[in-house]
Amino acid sequence: MINHNLYLEDIYNISNLNINWNQLKNKILVLSGASGLLGHFLIDVIMHKNIHSSLNCKIIAIGRNKEKAKSIFSIYWDSQLFSFLQHDINIPLENENIKNIDYVLHLASNTHPIAYSSDPIGTISTNIIGTNNFLAFAVKHNAKRFLFSSSVEIYGENKGDVEFFDEHYLGYLDSNTLRAGYPESKRCGEALCQAYRKQYGIETVIPRLARSYGPTMQNEDSKAIAQFIKKAIQGENIVLKSAGNQYYSYTYSADAVSGLLKILTDGKDGEAYNIADPISDITLKELAGTIARIAGTKVVFESPDEKERAGYSTATKARLNGNKLKSIGWVPIYGITQGLERTIKIKKELQNN
């Protein structure tokens, strides 16, 4: 992927944004979820800056699968500015080779519906136990700042009183359900950040991500948009398993990563920030139709099976207000159609090569 011209263009575009790169110069950054949708792209951006702009930012990437990581990051594997640590973050992180660090980014999480229903305990434990372990690690190693990747799902269901969720909105969430494990544990992760901030004085910032997508999506991703994109790549009809009236915010991975970096470097200590822009808000039915047009196929309807249904979000309208992040200088680049076109083109061409 790193050699695909469009993917390289995404890296170049983000690496040239007005982000306070000096905050990362000569620093050490520890990142969980390294092989995931956003971790993968973020590492590529930082390493691009290391190679082409003398950023000299050392990355310690953490993930559960060393072989997978090596295949993704083979180009950097022997670099002095990149190292990979195989570790399950549900276990406290003890490594005598890691000394003082500057930034900790906790991006690891189950982030797709099948995982919510098939591994509900793992979903909750990663967002609570894993976050606690990672915060304790950050404190022990004198980290300057801790970034916890949160989600639009913490807002729950729109009560019908707002069009967009700002950072202070609280909707309805039934905690006594299987599906509540993901949003409730993300809420708890945010509360843990505030607890560590109070008791240990560590700076924390919290990006709240919209539904994110991009060429680094995992093959096992079961989100609706990921399934639509898989069908498009195969030249098959897009399968919609509901009426498609859900109205959500989406963010292309490159814009999501630029938002993460902006929050990491310029976000106010203790604050949460939505990463979203209304140009990428769309109903699920319109999303399916857009992807079908790009692929030259059509939309068909099917009923979800029990396992799929159990993992679906109950939110029917979840649009994020991104003005707070824009007020500190975040500028999104990609609209929903452009992001989808790039994702499908990159993934399809890589699959066919």
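The buried residues of helix 1 pack against helix 2, strand 10, helix 8 (253–266) and helix 12. Contact here means heavy atoms within 4.5 Å, and buried means under 20% relative accessible area, with exposed over 50% and partly exposed in between (1.4 Å probe, protein chains only). Helices (H or I, at least four residues) and strands (E, at least two) are DSSP runs, numbered from the N terminus.

This is a predicted model, in which local features need pLDDT of at least 70 and side-chain atom pairs count only at pLDDT 80 or more, while totals for chains, interfaces and linings use all residues. Residues are numbered from 1 along each chain as its sequence is written, and side-chain values use heavy atoms, with hydrogens and water left out.

- Helix 1 covers residues 5–15, and its buried residues are Leu6, Tyr7, Asp10, Ile11, Ile14 and Ser15.
- An α-helix has 3.6 residues a turn, so residues three or four places apart point the same way.
- Thr216 sits in the loop between strand 8 (211–213) and helix 7, and it is buried at 4% relative accessibility.

- Ser32 belongs to strand 1 (residues 28–32) and is buried, with a relative accessible area of 0%.
- The side chain of Ser32 makes a polar contact with the side chain of His106 at 2.8 Å. A polar contact is a pair of N or O atoms within 3.5 Å; within protein, one must be able to donate a hydrogen and the other to accept it, and residues adjacent in sequence count only if both atoms are side-chain atoms.
- A polar atom of the Ser32 side chain also lies 3.1 Å from the backbone nitrogen of Ala108.
- Leaving aside residues up to four places away in sequence, Ser32 touches Ile62, Ile89, Leu105, His106, Leu107, Ala108 and Phe134.
- Ser83, in strand 3 (residues 82–86), is partly exposed, with a relative accessible area of 27%.
- Ser83 touches Lys58, Ile59, Ile60 and Ala61, again not counting residues up to four places away in sequence.
- The C-alpha atoms of Ser83 and Val30 are separated by 9.7 Å, and the two residues are 53 residues apart along the chain.

**Pocket and cavity**

- On a 1 Å grid over the protein atoms alone, a cavity is a set of points where a 1.4 Å probe fits but cannot get out, and a pocket is an open set with protein on both sides within 12 Å along at least five of seven lines; lining residues have an atom within 4 Å of a point.
- Grid points are joined across faces, edges and corners, and a volume is the space filled by probe spheres set on the points.
- The second largest pocket holds about 590 Å³ of space. It is lined by 24 residues, of which Met1, Pro215, Met217, Asn219 and Lys347 are the closest to its centre.
- Helix 2 (37–53), helix 3 (66–72), helix 7 (224–233) and helix 12 (336–352) each give at least two residues to the lining of this pocket, and helix 7 provides the largest share, four residues.
- The pocket lining has eleven nonpolar, eight polar and five charged residues. Ala, Val, Leu, Ile, Met, Phe, Trp, Tyr, Cys and Pro count as nonpolar, Asp, Glu, Lys and Arg as charged, and the others, Gly among them, as polar.
- The whole structure has one cavity of 30 Å³ or more, and the volume of the largest cavity is about 40 Å³.
- Residues lining the largest cavity include Tyr250, Asp255, Asp277 and Trp330; strand 10 (residues 247–252) gives the largest share, three residues.

**Aromatic pairs**

- The count comes to 14 aromatic pairs, where rings of Phe, Tyr and Trp (its six-membered ring) pair if their centres lie within 6.5 Å; planes under 30 degrees apart count as stacked, over 60 as edge-to-face and the rest as tilted.
- Tyr248 and Tyr250 form a tilted pair, 6.5 Å centre to centre with 55° between the planes.
- Tyr248 is buried at 6% relative accessible area, and Tyr250 is buried at 3%.
- Phe73, Tyr76, Trp77, Phe82 and Phe84 are linked by ring pairs into a cluster.

**Positive phi angles**

- Ser54, not a glycine, has a positive phi of about 55° and lies in the loop between helix 2 and strand 2 (58–63).
- Asn142, also not a glycine, has a positive phi of about 60°.
- The loop between helix 5 (120–140) and strand 5 (145–148) holds Asn142, which is exposed at 51% relative accessibility.
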